[in-house]
Amino acid sequence: TWVESPRKNSALFVALLGRIAGASPHARCIHVVLDNWAIHSSWRSQAAPRQIGERLRLLFPPPCCPDENRTERICEDLHAKVTRDDRCRTMENLMLAVRAWVRHRSRRRLCPLRLAA
């Protein structure tokens, strides 16, 4: 589950939360583990669970524990394998490569953005 936008901001993050909630209609509680990026802790993002549904729980691990946060490790893998040595001439081509990487990881049941309830 992902969303796309030309900019990374709180509106994009809230759209992602809405997509996650919509993809898991029968989940009683959805835990979303976040880092301490500004868009995750903005007032708009913090208000999202009240607007989207109280079953969303935003969880913030301690700020200095990337080794304990599986999402951080998987995002680092994406960066290492796709975006670090970006040879794509356009953003569209880069997004095709990112989507292919996510599909490949999903087949291995390790998708970084698929959350279980």
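**Entry 1. Ground rules**

I number residues from 1 along each chain as its sequence is written. The model is predicted, so I note that local features need pLDDT of at least 70, that side-chain atom pairs count only at pLDDT 80 or more, that totals for chains, interfaces and linings use all residues, and that side-chain values use heavy atoms, with hydrogens and water left out.

**Entry 2. The largest core**

I looked up the nonpolar cores. A nonpolar core is a set of buried Ala, Val, Leu, Ile, Met, Phe, Trp, Tyr and Cys residues joined through side-chain atoms within 4.5 Å. Buried means under 20% relative accessible area, exposed means over 50%, and partly exposed is in between (1.4 Å probe, protein chains only). The largest nonpolar core has 13 residues. Those with the most contacts inside this core are F13, L17, I30, V32, L34, L56 and L58.

Helices (H or I, at least four residues) and strands (E, at least two) are DSSP runs, numbered from the N terminus. The most comes from α1, which gives five residues. Another core, of seven residues, lies apart from this one, and I74, L78, V82 and V102 are among its members.

**Entry 3. L17 and I52**

I listed what L17 touches, leaving aside its neighbours within four places in sequence. Contact means heavy atoms within 4.5 Å. On that basis L17 is in contact with V32, S45, A48, I52, L56 and L58.

I then turned to I52, which is found in helix α3 (residues 43-52). Its relative accessibility is 32%, so I52 counts as partly exposed. With neighbours within four places in sequence left aside, I52 is in contact with V14, L17, G18 and A21. I also checked I52 against A15: they are 37 residues apart along the chain, and their C-alpha atoms are separated by 9.7 Å.

**Entry 4. Strand β1**

Which residues of β1 are on its covered face, and which on its uncovered one? I30 and V32 are on the covered face, while H31 and V33 are on the uncovered one. In a regular strand the side chains alternate between the two faces of the sheet.

Two strands pair if DSSP finds at least two bridges between them. Four bridges join β1 to β2, and the two strands run parallel. V32 stands opposite L58 in β2.

**Entry 5. Helix α4**

I checked the length of α4. The expected span of a helix is 1.5 Å times one less than its number of residues. For the 14 residues of α4 this should come to 20 Å, and the end C-alpha atoms are 19 Å apart, which agrees.

The buried residues in α4 are I74, D77, L78 and V82. Seen down the axis of α4, they fall within an arc of 100 degrees, so they line one face of the helix. The arc is that of the directions from the helix axis to the C-beta atoms. An α-helix has 3.6 residues a turn, so residues three or four places apart point the same way. The buried residues of α4 pack against α5.

**Entry 6. Salt bridges**

How many salt bridges are there? A salt bridge is a side-chain nitrogen of Lys or Arg within 4 Å of a carboxyl oxygen of Asp or Glu. By this rule the count is four.

I noted the one between E76 and R84, at 2.7 Å, N to O. E76 is partly exposed at 40% relative accessibility, and R84 is partly exposed at 43%.

D77 is buried at 16% relative accessibility, whereas K81 is exposed at 59%.

D77 also meets R105 in a salt bridge (2.9 Å, N to O). R105 lies in helix α5 (residues 91-107) and D77 in α4, so the pair ties together parts that are 28 residues apart in sequence. R105 counts as buried, at 9% relative accessibility. Salt bridges that share partners join D77, K81 and R105 into one network. Not counting residues up to four places away in sequence, D77 touches W101 and R105.
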